Amino acid sequence: MQILYAFKGGESDDFSKDQKFLLNSIDGMYHLYLLLMSLLIEVHKKAEINIEKTQKKLLATKEDKDPNKKFINNEVFLLLKRDPALLEAIYSHNITNWQLDDEYVDILFREILASDLYAEYMQTKTSTFKEDKDFVVDVFKEIIAPNEKLYEYIEDKNLTWLDDLPIINTAILKLLKKVKANVKPTHFVPSLYKDDDDKKFAIDLLTKTILKQSKLNAEIDSKTKNWDAERIASIDYILLQMGICELLHFSSIPVKVTINEYLEIAKEYSTPKSSVFINGVLDKLVKQYEAEKKLNKIGRGLL
């Protein structure tokens with residue numbers, strides 16, 4: 001959607017750069033994922049350093065000398081810290097942000113220490129794996145993911161990451177909730193694409209929407225004759241192009257899935273009334289295509 005919005009060419013123009021930008025943007029999601037996973041590791045390291053400093057204090061108390069090490073012994077944090085595949089991925093993607101911008105790790109660590117979550121967790125000195133996992137999940141969900149300073153940092157580093165952030169946060173939470181003590185080596189390094197078809201879909205949707213712009217626009221115009229073209233939001237027009245392209249040229253995607261996806265995108269990025277408008281246009285077109293037998297959908301769950 002963003003690439004089509006910025007695209008100024010036509011059907012006959014070279015759009016290889018736009019395709020390259022698309023793939024780079026998708027790859028950037030994985031970079032963001034590794035950035036946040038490395039942040040969890042750095043927060044844990046900060047806890048270790050904090051305990052070491054406390055123990056070395058000149059006037060250390062008995063509690064300082066024998067601190068509660070439940071946080072640094074948290075099994076899930078240790079799994080992350082020692083996961084060779086995750087560490088290799090972080091290294092290979094040159095994720096060094098938190099060494100350079102350590103103040104953000106400090107901010108999050110202080111928020112964790114001041115939280116009720118931490119106070120409750122640290123009431124005992126031992127815990128089960130489930131308790132450790134629940135604590136890490138809650139810390140990420142309630143302290144790290146919604147942190148405004150972190151949000152501003154991510155926005156400053158890469159503007160497209162703001163749209164990816166909710167997806168990445170959700171993915172991380174799912175992985176953390178599913179982690180087990182005997183976790184597979186690849187658990188924390190999931191594939192960016194489900195399969196080759198997944199990647200191909202992204203490229204094909206961009207390519208076909210650009211190559212068929214004239215026909216797609218004609219389809220939109222046929223159902224919006226009572227609308228002043230200038231009154232239709234640019235984003236709405238693009239979403240309709242993409243939606244119609246999916247309906248006609250992606251046989252494995254159910255009609256309802258296509259419509260629901262574009263309604264959700266419209267709610268997020270366009271005007272308050274956009275989803276109603278887009279739903280109305282697509283619904284009319286679907287009825288027309290069904291009557292003309294143009295919807296050649298195949299596979300399960302397409303009825």
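User: In which segment is K293 placed?
Analyst: The model is predicted: local features need pLDDT of at least 70, side-chain atom pairs count only at pLDDT 80 or more, and totals for chains, interfaces and linings use all residues. Residues are numbered from 1 along each chain as its sequence is written, and side-chain values use heavy atoms, without hydrogens and water. Helices are DSSP runs of H or I with at least four residues, numbered from the N terminus. K293 sits in the segment after α16 (274-291).

User: Is K293 buried or exposed?
Analyst: Buried means under 20% relative accessible area, exposed over 50%, and partly exposed in between, with a 1.4 Å probe and protein chains only. The relative accessibility of K293 is 69%. K293 therefore counts as exposed.

User: What is the phi of N94?
Analyst: Most residues other than glycine have a negative phi. N94 is in the loop between α5 and α6 (97-100), and at 54% relative accessibility N94 counts as exposed. Although N94 is not a glycine, its phi is positive, at about 55°.

User: How are α14 and α15 oriented to each other?
Analyst: Axes are lines fitted to C-alpha atoms, for helices over the stretch in contact, and angles run from 0 to 180 degrees between N-to-C directions. The axes of α14 (residues 234-249) and α15 (residues 255-269) come within 10 Å and cross at roughly 170°. Angles under 35 degrees count as roughly parallel, over 145 as roughly antiparallel, 65 to 115 as roughly perpendicular and the rest as oblique. The two helices, α14 and α15, are therefore roughly antiparallel.

User: How many nonpolar, polar and charged residues make up the contact of α14 with α15?
Analyst: Contact means heavy atoms within 4.5 Å. On the α14 side are L239, M242, G243, E246 and L247, which meet V255, T258, Y262, I265 and A266 in α15. Ala, Val, Leu, Ile, Met, Phe, Trp, Tyr, Cys and Pro count as nonpolar, Asp, Glu, Lys and Arg as charged, and the others, Gly among them, as polar. The contact of α14 with α15 divides into 7 nonpolar, 2 polar and 1 charged.

User: How many charged residues are in the contact of α9 with α11?
Analyst: Helix α9 (residues 129-144) packs against helix α11 (residues 161-178) at about 170°, with the axes 9 Å apart. That makes α9 roughly antiparallel to α11. K133, V136, V137, F140 and K141 of α9 make the contact with N169, I172, L173, L176 and K177 of α11. In the contact of α9 with α11, 6 residues are nonpolar, 1 is polar and the charged ones number 3.

User: Which residues does P190 touch, leaving aside its neighbours within four places in sequence?
Analyst: P190 lies in the loop between α11 and α12 (196-211) and counts as partly exposed at 31% relative accessibility. With those neighbours within four places left aside, P190 is in contact with Y30, Y33 and L175.
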